[in-house]
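User: Hi, I've got a model open and want to understand it. Can you walk me through a few spots?
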Amino acid sequence: MRLDNERESNNIEDRRGESSGGGFHLGAGRLGIGAIVLALVVSYFTGISPSTLLNLVSGSASPPAISSSAPAHKPPANDEMATFVSKVLADTEDTWQVIFREMNHAYRAPKLVLFRGATQTACGTGKAATGPFYCSLDEKVYIDLTFYQELKDRFHAPGEFAEAYVIAHEVGHHVQKLLGISEKVHAAQERATNQAQANALSVRLELQADCFAGVWTHRADRMQHIVEPGEIDQALNAATAIGDDRLQQEARGTVRPETFTHGSSEQRVRWFKRGMETGQPAQCNTFDTKKL
Ligand SMILES: [Zn+2]
């Protein structure tokens, strides 16, 4: 990617120097131990991530704690990977600012937390094993950069643009929060009568985040010419590699579409492309389409 002229974001919080302690941090007391245990149990049986469940639980129980108690650290200047992430984040800020202005909305940039192993979030303990994620309660994207190694080695999806796509997807979830979409979906999931229904909603949410990542690609490239020839394929490759069908095939040797929470590889690629080709968030209405 061409990011030399790109500024760095002020919204990076580097927690990699902190010890994660391994266990749950309940000091903040925002959620009782009961809620966390329940989320873990439900998560075990349903496959929904505990953080998603805690999101649902705490969403109605207590006001969000936007600020964290610890002071935010900036990453060291000579940290190439952190600089890369920071520049990509800055570009999402500039790009979504413009798009939101067009929609007569104000864009509030998310924070991006770099962590190692595990870290405390307003949605419960974030673990590197779940991959990068977004917590709508504190409006932060969380990423353990070793995921990029995994993307290369385990998912065979190397390349800077694949790495940028991962961030753009999580920022897509932040856009959904700002537009009030995630809230509606979570409410609908609570009303869902069975797990397959709730999963289907999750798939729509995820595919929309992919589409929003595509919108960012379209706009950022038009504004800054950051994408180099052939790089789009890296993102498509990453989207293919982390589709639910591919992951399930690898993990269990079978594919069960009703348990999908992110969509198939083909769907993820198609919605990303749709955002990328149109550059219009309105084209990303995965909730109002029969064929996903
Ligand atoms: Zn996602």
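Predicted model: local features only at pLDDT ≥ 70, side-chain atom pairs only at ≥ 80, totals over all residues.

User: OK. How far apart are W96 and F100 in helix α3?
Analyst: They are four residues apart in helix α3, which covers residues 80-102. So about one helical turn separates them.

User: How are their rings arranged, stacked or edge-to-face?
Analyst: First, some context: the structure holds 10 aromatic pairs. In the W96 and F100 pair, the ring centres are 6.2 Å apart and the planes sit at 80 degrees, so this pair is edge-to-face. The cut-off for that label is over 60 degrees.

User: Is W96 buried or exposed? And F100?
Analyst: W96 is buried, at 1% relative accessible area. F100 is buried too, with a relative accessible area of 1%. Buried means under 20%.

User: New topic. What coordinates the zinc ion?
Analyst: H169 and H173, each through NE2, and E206 through OE. The distances run from 1.9 to 2.1 Å.

User: What spacing do those donors follow along the chain?
Analyst: The spacing is H-x3-H-x32-E.

User: Where do H169 and H173 lie?
Analyst: Both are in helix α5, residues 160-178. They are four residues apart, about one turn of that helix.

User: Are those two buried or exposed?
Analyst: Both H169 and H173 are buried.

Technical notes: Residues numbered from 1 in each chain as written. Heavy atoms only, no water. Donors = N, O, S within 2.8 Å, 3.2 Å for Na, K, Ca; no water. Helix = DSSP H or I, 4+ residues; strand = E, 2+ residues; numbered from the N terminus. Buried < 20%, exposed > 50% of the residue type's maximum accessible area, 1.4 Å probe, protein only. Phe/Tyr/Trp six-rings, centres within 6.5 Å; stacked < 30°, edge-to-face > 60°.
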